[in-house]
Amino acid sequence: MEIGITHYKRSVVVKTQGRVDGSNAPELKEAFKELTDKGEFNIVFDMSEVNFMASAGWWVLIDAQKTCKQLNRGEVVLACIDKSIQDSLSLVGMSSYFKAFDDITSAVGSF
Amino acid sequence: MRKRTFPGRLDKLADISLFVVQAAEEAGLDDSGVYAVELAVDEAATNIIEHAYQGEDRGEICCSIEVNRDGLKVILQDWGNPFDPKKVPEPTLGASLEKIQSSGLGLFFIRKLMDEVQFEFSKEKGNTITLVKRRK
């Protein structure tokens, strides 16, 4: 799993591609943990090239969201979610846990 | 009915997905329906590896698919520990972020995404989960 990290003035963009499932979710978890351990709490997850997201992946994002939102110090937002992934997120009732943006510029600009 | 057997390993989840996605597309499901089947089967296969077999490379997952006039039926079979869905706590989604627990999230996804879900266990056949998704 390739994970790209891009630092902006007020936020960090995390980007990966393809499938996020039980086989590689631990790598994504580690990437988020490294960021929050360094005090980065404004995080954009760029999903423009993610075409599959299992519950193991969502749990990584929920866990990161819990950490970031503590003490109102930041949050994880999502950008460029594939429509089918968005539909499934709404269906299981988890879309309320994340703000979602149609493009990276808006997501980065939200901080 | 088409059938394939996969090693019970997390790096084989993508192969299982490919197998069911092809059938879901042939069954005429729309994009969200195809994705729902892919996600539900992935969650079920992950549960088999992590809970029924309690680790990778401890057994196989047999995947049978029937495309019918209503949509698609997927049957996953394993020979691991008996699975009792009643023992899996349901996550409290809709609850505040702090209270949500990861336990049972996969099973919750499966039930929300599919039109029918059925679990069976027998000594001869092992665990069987049947997932049905209908065309809209």
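## Strand pairing in chain B

Six bridges link strand 2 of chain B to strand 3 (residues 71-78) of chain B, and the two strands pair in the antiparallel sense. They form a hairpin, with three residues between strand 2 and strand 3 of chain B. One pairing places Gln77(B), in strand 3 of chain B, as the bridge partner of Cys62(B). The model described here is predicted.

Strand 2 (residues 60-67) of chain B also runs antiparallel to strand 1 (residues 2-7) of chain B, to which six bridges join it. Here Cys63(B), in strand 2 of chain B, is the bridge partner of Arg4(B).

## The largest pocket

The volume of the largest pocket is about 560 Å³. Its lining comprises 26 residues, and those nearest the centre are Ser55(A), Ala56(A), Thr46(B), Glu50(B) and Ser102(B). Two or more lining residues come from each of helix 1 (25-37) and helix 2 (55-69) of chain A, and from each of helix 2 (31-52) and helix 3 (105-113) of chain B.

Helix 2 of chain B gives the most to this lining, with six residues. By class, the lining has twelve nonpolar, nine polar and five charged residues.

## The second largest pocket

The second largest pocket has a volume of about 220 Å³. It is lined by 16 residues, of which Ser32(B), Gly33(B), Ala36(B), Lys133(B) and Lys136(B) are the closest to its centre.

At least two lining residues are supplied by each of helix 3 (83-91) of chain A, helix 2 of chain B and strand 5 (126-134) of chain B. The lining of the second largest pocket divides into seven charged, five nonpolar and four polar residues.

Conventions
Residues numbered from 1 in each chain as written. Chains lettered and ligands numbered in written order. Predicted model: local features only at pLDDT ≥ 70, side-chain atom pairs only at ≥ 80, totals over all residues. Heavy atoms only, no water. 1 Å grid on protein atoms, 1.4 Å probe; cavity = no way out; pocket = protein on both sides within 12 Å on 5 of 7 lines; lining within 4 Å. Points joined across faces, edges and corners; volume = space filled by probe spheres on them. Helix = DSSP H or I, 4+ residues; strand = E, 2+ residues; numbered from the N terminus. Nonpolar A, V, L, I, M, F, W, Y, C, P; charged D, E, K, R; others polar. Pairing = 2+ DSSP bridges.
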